[in-house]
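Here are my notes on the model you sent. Please read them with the structure open.

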Amino acid sequence: MLKIDALPTVPRWAALAAHAVPLITLPSALWRVALVAGLPVTAETYGGVGEVTYIIMLSVVSEGLALLTLGLVRGWGETVPSWLPGIGGRPVRPLAAVVPALLGAFALFALLGWAFYAPIAGLGDGSVTDSSAQTALLLVCYAPLVAWPPLLTAVTVAYYRRRTASASFVAA
């Protein structure tokens, strides 16, 4: 059976979902890297230093945010790592993780809605790719992102339930 690194109190489905998030964001990040590397993945070429920096940083930030989902199933999501000065070793308050995660999920749902609405409304020129192969590659790389908001929401709800249930047992 697949070994997933998570706390023992985390439901297996939540651990699998949290570990899936960085994997579903990876194809789009790699597609953007291929874009700035000059590979023929789109109709346009990007060569300006500012554009390249923006696109690479978008990939790094999106993958970094996806990796934060792992904190909802691992120990560093419940206790601040000891190497952080001043706050290391302190417990993480559940809402300190839940609120940003749910705001992130809401933002992702909004971006997803916009991504579906914009082409229907005729916004943008729609000429991102030159060929059907480029279009297929684009879809294969970006389609997994549809799963990011619901996975993040589900893992966040599981985290909140787990953390607040254990707190109510301690108080009783």
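Is leucine 65 buried, partly exposed or exposed?

1. Partly exposed. The model is predicted, and in it leucine 65 has a relative accessibility of 48%. Exposed needs over 50% and buried means under 20%, so leucine 65 falls in between.

2. Leucine 65 belongs to helix H2, which covers residues 49-68.

3. Next, the pairing of H2 with H1. Two packed helices are described by the distance between their axes and the angle between them. Helix H1 spans residues 12-36, and its axis comes within 9 Å of the H2 axis. The crossing angle is roughly 170 degrees. Angles over 145 degrees count as roughly antiparallel, so H1 and H2 are roughly antiparallel to each other. On the H1 side, the contact is made by Val21, Pro22, Thr25, Leu26, Ala29, Arg32, Val33, Leu35 and Val36. H2 contributes Val52, Ile55, Ile56, Leu58, Ser59, Ser62, Glu63, Ala66 and Leu67.

4. Now look at aspartate 130. This residue sits in the loop between helix H3 (94-120) and helix H4 (132-142). Its relative accessible area is 60%, so aspartate 130 is exposed.

5. Which residues does aspartate 130 contact, leaving aside its neighbours within four places in sequence? They are Thr42 and Ala43. Aspartate 130 and alanine 43 are 87 residues apart in sequence. Their C-alpha atoms are 5.0 Å apart in space.

Methods: Residues are numbered from 1 along each chain as its sequence is written. This is a predicted model: local features need pLDDT of at least 70, side-chain atom pairs count only at pLDDT 80 or more; totals for chains, interfaces and linings use all residues. Side-chain values use heavy atoms; hydrogens and water are left out. Helices (H or I, at least four residues) and strands (E, at least two) are DSSP runs, numbered from the N terminus. Buried means under 20% relative accessible area, exposed over 50%, partly exposed in between (1.4 Å probe, protein chains only). Axes are lines fitted to C-alpha atoms, for helices over the stretch in contact, and angles run from 0 to 180 degrees between N-to-C directions. Angles under 35 degrees count as roughly parallel, over 145 as roughly antiparallel, 65 to 115 as roughly perpendicular and the rest as oblique. Contact means heavy atoms within 4.5 Å.
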